[in-house]
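I opened the notebook to record what I looked up in this structure, entry by entry. I start with the backbone and then turn to packing.

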Amino acid sequence: MNVSVCFNRVPPKLFKGESLDRISEEGAEKEARAVKAALHPLGHNIKLVPLGADMIAFAEELRASRPEVVFNLCEGFWGDSRKELHVAALLDLLGVAYTGTAPLGLGLTQDKVRTKDLLQAHSLPTPRYVLVRLGELFPKTQNLTYPLIVKPRFEDASLGIAADSIVANEKALAKRIRYVHDTYRQGALVEEFIEGRELNAAVLGNAPMEALPVSEIVFKPGLKRTIVSYDGKWLEDSQEYAQTAPVCPAPLKAKETLLVRDVALRACKLLDCRDYARVDIRLRDGVPYILEINANPDLSPDAGLARSAAAAGISYPKLIDRILNLALKRKETARA
Ligand SMILES: Nc1ncnc2c1ncn2[C@@H]1O[C@H](COP(=O)(O)OP(=O)(O)O)[C@@H](O)[C@H]1O
Ligand SMILES: [Mg+2]
């Protein structure tokens with residue numbers, strides 16, 4: 001079977017953010033190679049199709065490769081993560097079957113604020129929050145309790161997240177909002193900081209969608225702030241990287257595990273996730289606060305989703321094959 005594995009390249013100079021942000025963006029090709037290697041023994045004819053600045057060239061290359069299924073790993077278009085949904089929409093227009101979440105779910109979850117609006121409307125726990133749009137200041141009339149955390153509205157992979165993101169007073173808050181506005185050129189999401197355990201809940205499949213074993217990021221003593229900062233996630237030589245360690249399954253009480261899996265499944269269904277997704281959660285006083293939903297999470301062998309799958313006895317090649325088959329099944333259902 002012909003399978004095209006698509007991933008996005010980034011421009012030599014990003015139009016926003018920090019220069020080091022490139023490290024996370026550049027992981028896509030490595031991820032695509034890992035997916036290709038996992039699919040290879042299954043006898044498929046696999047082609048890597050990179051998406052660069054030229055969308056037409058991409059569409060033509062894809063069409064020429066005549067894929068039965070596209071493995072869609074694109075997380076944006078030429079450095080713009082907000083165009084992640086456009087790539088899936090293009091695949092829809094090209095009439096090819098592809099893995100992962102459809103445009104609507106990608107667009108909703110890309111927007112952390114809209115996601116929280118929906119979670120709140122459906123009584124799913126999420127930290128209390130305020131959106132500060134570009135050009136606006138933090139409103140005087142609100143009732144959030146310090147410490148707060150300030151995040152870019154539309155980024156992922158801990159872009160724009162550092163110890164300074166956590167603020168304890170108005171002055172530090174205003175400064176960090178300015179930083180997010182100026183550096184990331186987008187609204188700032190201000191939310192209550194949840195001092196608690198950091199959990200990742202992965203889901204797999206559609207009908208039924210299943211929750212995989214919950215993973216925990218354990219913070220070792222000595223860390224300035226117990227968060228998954230950009231450095232802690234990507235800079236292997238940093239102190240923050242050395243002081244965060246994933247553990248899967250997370251040592252939780254049975255009741256907590258059930259609760260975490262349940263809110264993750266509800267959130268993924270609510271936000272229209274498909275095939276696989278990962279929900280980031282902070283657990284405090286028995287409440288699993290949802291931070292965000294990753295509808296297109298990293299599928300690298302050493303990333304969270306594969307870790308949770310491994311804990312469920314699903315090897316990396318099996319996981320990739322399962323995801324491929326979900327797209328294939330969708331195609332067959334559409335045909336029937
Ligand atoms: N409200 C919060 N309370 C505590 N920690 C948070 C909160 N929001 C974010 N963090 C920390 O910042 C990290 C990145 O935030 P997240 O919302 O998951 O964005 P990203 O899309 O960059 O992963 C989280 O994994 C967590 O460690
Ligand atoms: Mg996250």
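Where is the place of Pro208? I looked this up in what is a predicted model, and I found Pro208 in the loop between strand 8 (197-204) and strand 9 (210-211). I then checked the peptide bond that joins Ala207 and Pro208, which is cis with omega about 10°.

I noted a cis peptide bond from Cys248 to Pro249 as well, where omega is near 0°. Pro249 belongs to the loop between strand 11 (244-247) and helix 10 (254-270). I kept in mind that most peptide bonds are trans.

Next I looked at phi. Most residues other than glycine have a negative value, so I wrote down the exceptions that I came upon. Asp275 has a phi near 70° and sits in the loop between helix 10 and strand 12 (276-284). Asp285 has a phi near 50° and sits in the loop between strand 12 and strand 13 (287-294).

Are these two aspartates buried or exposed? I counted Asp275 as buried because 24 other C-beta atoms lie within 10 Å of its own, where 20 or more are required. Asp285 I counted as exposed, because it has 7 other C-beta atoms within 10 Å and the limit is 12 or fewer.

I turned to the domain assignment, which gives domain 1 (2-98), domain 2 (128-192) and domain 3 (196-335). The centres of domain 1 and domain 3, taken over C-alpha atoms, are separated by 22 Å, and 19 residues of domain 1 are in contact with 15 residues of domain 3. On the side of domain 1 that touches domain 3, the elements giving two or more residues are helix 1 (22-25), helix 2 (27-39) and strand 3 (69-72). Helix 2 supplies the largest share of that side, 7 residues, and I recorded the division of the side as 13 nonpolar, 2 polar and 4 charged residues.

Within helix 2 I looked up Glu29, which is partly exposed with 14 other C-beta atoms within 10 Å. The C-alpha atoms of Glu29 and Arg9 are 7.7 Å apart, although 20 residues separate the two along the chain.

Last, I examined helix 4 (residues 84-94) and helix 5 (residues 103-110), which pack at an angle of about 180° with their axes 8 Å apart, and which are therefore roughly antiparallel. Glu84, Leu85, Ala88, Ala89 and Asp92 in helix 4 meet Pro103, Leu106, Gly107 and Gln110 in helix 5. I noted that the residues of this contact comprise 5 nonpolar, 2 polar and 2 charged.

Note on methods. Residues are numbered from 1 along each chain as its sequence is written. Chains are lettered from A and ligands numbered from 1 in the order in which they are written. This is a predicted model: local features need pLDDT of at least 70, side-chain atom pairs count only at pLDDT 80 or more; totals for chains, interfaces and linings use all residues. Axes are lines fitted to C-alpha atoms, for helices over the stretch in contact, and angles run from 0 to 180 degrees between N-to-C directions. Helices (H or I, at least four residues) and strands (E, at least two) are DSSP runs, numbered from the N terminus. Angles under 35 degrees count as roughly parallel, over 145 as roughly antiparallel, 65 to 115 as roughly perpendicular and the rest as oblique. Two residues are in contact if their C-beta atoms, placed from the backbone, lie within 7 Å. Ala, Val, Leu, Ile, Met, Phe, Trp, Tyr, Cys and Pro count as nonpolar, Asp, Glu, Lys and Arg as charged, and the others, Gly among them, as polar. Domain bounds come from an automatic or database domain assignment.
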